[in-house]
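Please consult the sequence and the structure shown below alongside the text.

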Amino acid sequence: LSWAAAPARRGALPLAKRARARFDREALDAFAHALKRGRKAAILLGGEALRPDTLETASAIAAATGARLAAPTFCENLARGDGRPAIDRVPYFPDPAEAFLAGLEAVAVVGGRAPVNFFGYPGKASLPLPPRCRVLAIAERGDDVVGALGALARAVGAIAAPRQPPRTPPPAPAPGKLDDHAVGAVVARAIPADAIVVEEALTSAPMFFAQSQASARHDYLQLTGGAIGAGLPLALGAGMAARGRKVVALQADGSAMYTVQALWSMARENVDATVVVFSNRAYRILYMEMTNAGAPPAGVNARAMFDLDRPPLDFAAMATGMGVPATRVDTLQGFAEAFGKALKAHGPRLIEAVV
């Protein structure tokens, strides 16, 4: 009961350490054999396998064997940027995912799961991998991912990862209007070293992933499930857990409305996060999903459920009302100036980019 005396304790109880399961040696040997026979293969990395040291090992395996490296569509924490191995993600939509994985004969899964299409679409397969591709689960989440990649490297004679080319800054955005590409280009060029990038902008941020490969070193965090609204709380948690590191959150306007109160918590905890809201004033992903499902063009009532313009949302006003300094911009120059100022400041800032 809430008024009962708390039991006396001598400090906090330690958490029991769960023993890591070993990896599947039989699956590893089968994949190594496929690589030695020249099979067209890929290594799908997830979880712990996407951290700096394990990425280096995976890169060495790829260089020695010609295997492709791939990451899931949504990555919980991916090490990216200057000097780190480049890795592509499995595309979100079924057709691009199938094209990305086409021709593969063997896929090793290390730290995650085999890819599955996010939604069911009429006439589309649930699995984007080629039907005859052999999937070998070497290490699942919670298994000994580090040991698995080390053993695979030894099995195929991978000695060292190739040296990454010298970093060149991402290209500057072309003069013109403020759009998704321009926002991504400005952010990619300005990411500070050791920043944490949180991305929940499905239709606005895919091009940013390619733009930011040559950015300064950073960790890249995303939602990992089907629910939306994780971006702002994820940025809040990252900022509280990693004090001293700048958080840059790329946030869609629709999903931000699910957890907009996280801005108040950012102000309350003085989290050093710069939030960029892509204000396209629509749940654009839903329009795209309807098209992919073969639905007819949205009518007046359907558009009313997807649009955010009656009245238009004012994120700058909402953020200011919750104690987060904010500004709204609709030009490329205005966004570049606002983003530069936000990075130099300490504490939460929000920029509403009308795209």
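On a 1 Å grid over the protein atoms alone, a cavity is a set of points where a 1.4 Å probe fits but cannot get out, and a pocket is an open set with protein on both sides within 12 Å along at least five of seven lines; lining residues have an atom within 4 Å of a point. The model is predicted, and local features need pLDDT of at least 70, side-chain atom pairs count only at pLDDT 80 or more, and totals for chains, interfaces and linings use all residues. Residues are numbered from 1 along each chain as its sequence is written, and side-chain values use heavy atoms, without hydrogens or water.

**Cavity**
- A42, L44, A70, V90, L101, L104, V107, P115 and L129 line the largest cavity.
- This lining has nine nonpolar, no polar and no charged residues.

**Pocket**
- The largest pocket, of about 610 Å³, is lined by 24 residues, with P72, T73, F74, R113 and T224 nearest its centre.
- Its lining comprises 14 nonpolar, six polar and four charged residues.

**Helix packing**
- The axes of helix 2 (residues 52-65) and helix 4 (residues 145-156) come within 9 Å and cross at roughly 25°.
- Helix 2 is therefore roughly parallel to helix 4 (angles under 35 degrees).
- In helix 2, T54, T57, A58, I61 and T65 meet V146, L149, G150, L152, A153 and V156 of helix 4 (heavy atoms within 4.5 Å).
- By class, this contact has seven nonpolar, four polar and no charged residues.

Technical notes: Axes are lines fitted to C-alpha atoms, for helices over the stretch in contact, and angles run from 0 to 180 degrees between N-to-C directions. Helices (H or I, at least four residues) and strands (E, at least two) are DSSP runs, numbered from the N terminus. Angles under 35 degrees count as roughly parallel, over 145 as roughly antiparallel, 65 to 115 as roughly perpendicular and the rest as oblique. Ala, Val, Leu, Ile, Met, Phe, Trp, Tyr, Cys and Pro count as nonpolar, Asp, Glu, Lys and Arg as charged, and the others, Gly among them, as polar. Grid points are joined across faces, edges and corners, and a volume is the space filled by probe spheres set on the points.
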